[in-house]
Amino acid sequence: MSEVDFECAECTNPVEPFLRSERMPHIWCPGCGIGTTVNCFTRALIDSKANLEKLVVVSGIGCTGRVAGYLKLDSFHTTHGRAIPFATGLKLANPKLTVVVYAGDGDLSAIGGNHLIHAARRNIDLKVICVNNLIYGMTGGQTAPTTPEHATTSTNPYGTFEPGFNLPHLVDAAGAVYVARWTTFHVRQVARSMQEAFKKKGFSFIEIISPCPTLYQRRNKMGDGLDAMKYYKQASKVKNGAPTGEVGLTKTGEIAVGKFVDRDRPDYRELMVHRFHESLGDEYVETGELVCS
Amino acid sequence: MKADPAGVLTGVHFLDGDHACCEGALAAGACFAAGYPITPSTEVVERFAARIPKVGGTFIQMEDELASSIAIQGAVWGGAKAFTVTSGPGFSLMMEHIGYAVMTETPCVFVNVQRGGPSTGLPTLPAQSDMMQARWGSHGDYEVIALCPNSPQECFDLTITAFNLSEKYRVPVMFMMDECVGHMTEKVIIPPAEQIEIEPRRKTHKPHDAYKPYECNGDGSLVPEMAHAGEGYKFHVTGLTHDERGYPAMTVAAQQKLVGRLRDKISKAADDLLLVEQDNTADADVVVVTYGITSRVAQRGIDSARAKGLKVGKLRLKIVWPFPDQLIKKLSQRAKAFVVPELNLGQISREVERAAGGVKTVCVPHAGGGVHRPEDILKAIQEASR
């Protein structure tokens, strides 16, 4: 049973029971979208009636990496890029846990890119929330693998010229069973996708396009956080089921949003257990939680 | 407590060091391993992959050593005893996560079957040239524990010790084998489970609201109690400098307190962490300080020197880190010289020299790829005793 009082009478904000309020104020800039995604996450926890004792958040490093530290859950702030392999070990050791990886685009797709594709390929039962602000925020606005072409960054002061990653296409190709993209304008849709991912068995990936007014918007003369909301509202087009190869992002163009992939295939653990039963018969010792003495 | 019989392959076996290490891990209760293939260490996880489904547990072959070295830590926080296995280039890739295990006090074991380096070096040939890397390889100030076996039997026995120490001190333990020991096949006796002592995890039993993940108990121990994910504690773990609650604390005082404790919990346990073999050191003029495969070659040199009437003792280090400063200091009051043969160009010999406080210390270097010739060690002993 969860100890959280969902109806917390003394709380001034419905998300308060989920936060380590003694750690406030948080480090995020005015207009940053990460806090919005955390709000959506807590709404999804409320609506899904998730067992909060069995729900673990694993973060990497960066602005989004700080999410783990603010949530009143078992939470791990790991090393840069390695939230997914940490979460893989955690999930395999205790399959009863719902393991959420909450990380930024740089963490997941640059330094952690190899782990991203392999976890999707293996179909490890992880819920990956990727807050994509198109830039390295924590370190001061350097180019990310997701930065759209021609955007100005601190390491491409004359504009980027590398093509950026289309993350839904990448994880779809690698084998993810659930892939969605929204922006921080789409708060209800984000929360709904998170709930769907909680229920989905296998590797789920939710990309949330999120503003970085301090280091991306400002340098690219795209205004503040409110201007980002206006852009997201105007440029987003819901394309549920769209072929992921067609949902790449540009600097100022359309943002395809929606649920792109929702399919079923056995996850890593199911495949492993099945294989060992087939190969070893009675010799196989199937384990649940690996609890050490 | 005693070992769980499930993982203990009691009996007399003919095993190589890599396989014996795997059996030691299973006997110690390891039920999770993550690894990436690399010569000459791969046989450890190959055996684990074959054995663990019949014992109960999980092996996963990860995409690289970065992933392996952090997947094991996720597994530990999920409740498992876990380890990873590698060699030189993979060990280099694991360095950041050794630091993470130190900082988060995650008990786990890193096995390194050493081969010649730098870089790709000599994949199939021995060296002992990662000894300093095991101690200092990750950034920042910290202490770890490192062990060096010199036979397949010790690969079994000391792997259990490695797991026990990692649990007792909540520290990553480096198990520093070498290609010779890993691939040499000898008799290995695995005792019954009830004869194998296992250190239990330092689990907390505090009420949820009273638990602080990095608070010492007040019983004098510098090692905090541990909770696992999913038990309702809702704790936070970070590689950032943190306070007793586990929350980031970016101050000079918090840094001093945490990094100081992480050092002290090992350095102040030096007596408990002294594990050596001594022969004839009490009246020795020359003490040969040796470890791993080199100790077996050095034995011949020592025996020859004693046959010639020289007073030669042997100090074999089974735990190399923390370094036995006090013992070397004590021996240096009697000995005229230390001779340190090692499969590197001088790593542990510098530690001996430092601890010996001015007593002559002679390194017998070897760049790796083979072992010393006993006559070279004899020659060094003869020259040192003059």
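**Interfaces between chains and domains**

Visitor: How many residue pairs are in polar contact between chain A and chain B?
Guide: A polar contact is a pair of N or O atoms within 3.5 Å; within protein, one must be able to donate a hydrogen and the other to accept it, and residues adjacent in sequence count only if both atoms are side-chain atoms. This is a predicted model, in which local features need pLDDT of at least 70 and side-chain atom pairs count only at pLDDT 80 or more, while totals for chains, interfaces and linings use all residues. Residues are numbered from 1 along each chain as its sequence is written, chains are lettered from A and ligands numbered from 1 in the order in which they are written, and side-chain values use heavy atoms, with hydrogens and water left out. Between chain A and chain B, with both residues at pLDDT 80 or more, the number of residue pairs in polar contact is 20.

Visitor: Which element gives the most to the side of chain A that touches chain B?
Guide: Helices (H or I, at least four residues) and strands (E, at least two) are DSSP runs, numbered from the N terminus. Elements that each supply at least two residues of this side are α2 (67–70), β2 (74–77), α3 (83–93), α5 (113–122) and α10 (268–280) of chain A. With 7 residues, the element that gives the most is α3(A).

Visitor: What is the area buried between chain A and chain B?
Guide: Contact (heavy atoms within 4.5 Å) involves 48 residues of chain A and 49 residues of chain B. Buried area is the accessible area (1.4 Å probe) that two parts lose on being put together, summed over both. Carbon and sulfur atoms give 60% of the area buried between these chains, which is about 3900 Å².

Visitor: Which residue forms a salt bridge with Glu63(B)?
Guide: A salt bridge requires a side-chain nitrogen of Lys or Arg within 4 Å of a carboxyl oxygen of Asp or Glu. Between chain A and chain B there are 2 salt bridges. In the one formed by Glu63(B), the closest N and O atoms are 2.8 Å apart, and the partner is Arg122(A).

Visitor: What area do domain 1 of chain A and domain 2 of chain A bury between them?
Guide: The bounds, from an automatic or database domain assignment, are domain 1 (16–262) and domain 2 (265–293) of chain A. Their C-alpha centres are separated by 31 Å. With 52% of it on carbon and sulfur atoms, the area that these domains bury is about 1000 Å².

Visitor: Which three residues supply 31% of the area that domain 1 of chain B buries against domain 2 of chain B?
Guide: In chain B, the assignment gives domain 1 (2–195) and domain 2 (276–384). The area buried between them is about 2000 Å². Supplying more of the domain 1 share than any other three residues are Gln128(B), Met132(B) and Asn150(B).

Visitor: How far apart are the closest N and O atoms of Arg296(B) and Glu186(B)?
Guide: Domain 1 of chain B and domain 2 of chain B have 3 salt bridges between them. For the salt bridge of Arg296(B) with Glu186(B), the closest N and O atoms are apart by 2.4 Å.
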